[in-house]
Amino acid sequence: MAETALGVDRLAAVATRADAPRHAALVRVTHWLTTLCFLALLVSGLELVVSHPRFYWGESGNVLTPALFSLPIPASRATVPTGYGFVLPDQNGWSRALHFQSAWVLVLTGALYVIWGAVSGHFRRHLLPEASDRSVQAFSRALARHLRFTRPAAADAWSYNLVQRLTYLAVIFVLFPLVIWTGLAMSPAFVSAFPSTATLLGGRQSARTLHFLLTVSLVAFLLVHVAMVWFAGFGTRVMAMITGAPAPTRGPE
Ligand code: HEM
């Protein structure tokens, strides 16, 4: 009796799966909006960094104070005297405007995705590791498969493996929130209303340094993410993320 019930459940699951898109429309729209905003943030952020490629720790730092580290590139903008005994880098117009606009679109998009993901059960069903995978052994096995570049099985086109799930969760719930926090901690208006945003991080220059390092981690994620999508079958996987159509794999069944 139990076997019959299980069989019916499985049939129902397969039938539901055959009708359902691989990715929900909201996941697809927010995924590509996030990607677009992230690229805009990268281009504008790079311009901001190149205009002053020195990083400090604490509340303040400038060309006259020692740097924690600096990028081995010349500053793209001249420093301008302020008349108060110190100098500031020339201000960036388009890059700041683009950076702030894309940051707010990304924050709203992310909020929509996170609220929908929690309410609809998307995170619980598709991103939290399955009960059988919640062990160090399962993680080591999944990581070893990843590092050996074992091609995904056909069933994997319908769900994320353990390494993907943990990586996506880390990106959504750790890296993005931290990058937003450190970004807000650099805003004079925000910090004057909520000073602890910056003081908890050690100051506004510490926030800038952490913001940069978190961005480097997100770029590393993006490179590996796209490489893994390529490895699993770029055209079909990306098409599934655009249209929702299921993505058959090229690997062993
Ligand atoms: C900063 C940029 C990006 C971030 C933060 C990101 C993040 C994510 C996340 C969190 C998921 C899981 C979504 C869910 O099911 O809720 C995902 C899936 C996916 N992403 Fe991205 N992504 C980015 C850029 C890209 C790019 C540039 C591509 C391809 C050109 C891409 C292709 C895909 C595909 C195909 C999937 C589904 C994976 C699969 O079927 O195995 N992503 N991405």
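Donors are N, O and S atoms within 2.8 Å of the metal, or 3.2 Å for Na, K and Ca; water is not among the atoms, so sites may look incomplete. This is a predicted model: local features need pLDDT of at least 70, side-chain atom pairs count only at pLDDT 80 or more, and totals for chains, interfaces and linings use all residues. Residues are numbered from 1 along each chain as its sequence is written, and side-chain values use heavy atoms, with hydrogens and water left out.

**Exercise 1. Find the residues that coordinate the iron atom of the ligand, and classify the arrangement.**

Step 1. Start at the metal. H31 and H225 coordinate the iron atom, each through NE2, at 2.0 Å.

Step 2. Check the angles. Six donors count as octahedral if opposite donors are over 155 degrees apart and all others between 65 and 115. Here the six donor atoms subtend angles of 86 to 179 degrees, so the arrangement is octahedral.

Step 3. Helices (H or I, at least four residues) and strands (E, at least two) are DSSP runs, numbered from the N terminus. H31 sits in helix α2 (residues 25-51) and H225 in helix α9 (residues 204-243), so the two tie together parts that are 194 residues apart in sequence.

Step 4. Check accessibility. Buried means under 20% relative accessible area, exposed over 50%, and partly exposed in between (1.4 Å probe, protein chains only). H31 is partly exposed at 24%. H225 is buried at 18%.

**Exercise 2. Describe the shell around the ligand.**

Step 1. Count the shell. A residue is near a molecule if one of its heavy atoms lies within 4 Å of it. The ligand is surrounded by 22 residues, and the closest are H31, Y113, H122, Y160 and H225.

Step 2. Sort by class. Ala, Val, Leu, Ile, Met, Phe, Trp, Tyr, Cys and Pro count as nonpolar, Asp, Glu, Lys and Arg as charged, and the others, Gly among them, as polar. The shell has 15 nonpolar, six polar and one charged residues.

Step 3. Trace the sources. Helices α2, α6 (162-184) and α9 each supply at least two shell residues. The largest share, nine residues, comes from α9.

Step 4. List polar contacts. These are pairs of N or O atoms within 3.5 Å; within protein, one must be able to donate a hydrogen and the other to accept it, and residues adjacent in sequence count only if both atoms are side-chain atoms. A polar side-chain atom of H122 lies 2.6 Å from a ligand oxygen. The side chain of R237 places an N or O atom 2.7 Å from an oxygen atom of the ligand.

**Exercise 3. Search the whole structure for salt bridges, and locate the partners.**

Step 1. Apply the test. A salt bridge is a side-chain nitrogen of Lys or Arg within 4 Å of a carboxyl oxygen of Asp or Glu. The search finds one.

Step 2. Name the pair. E130 and R165 meet through their side chains, at 3.4 Å from N to O. The pair links distant parts of the chain, 35 residues apart: E130 is in the loop between α4 (122-127) and α5 (136-147), and R165 is in helix α6.

Step 3. Compare accessibility. E130 is partly exposed at 42%, whereas R165 is buried at 3%.

How values were computed. Tetrahedral: all angles 85-135°; square planar, octahedral: opposite > 155°, others 65-115°.
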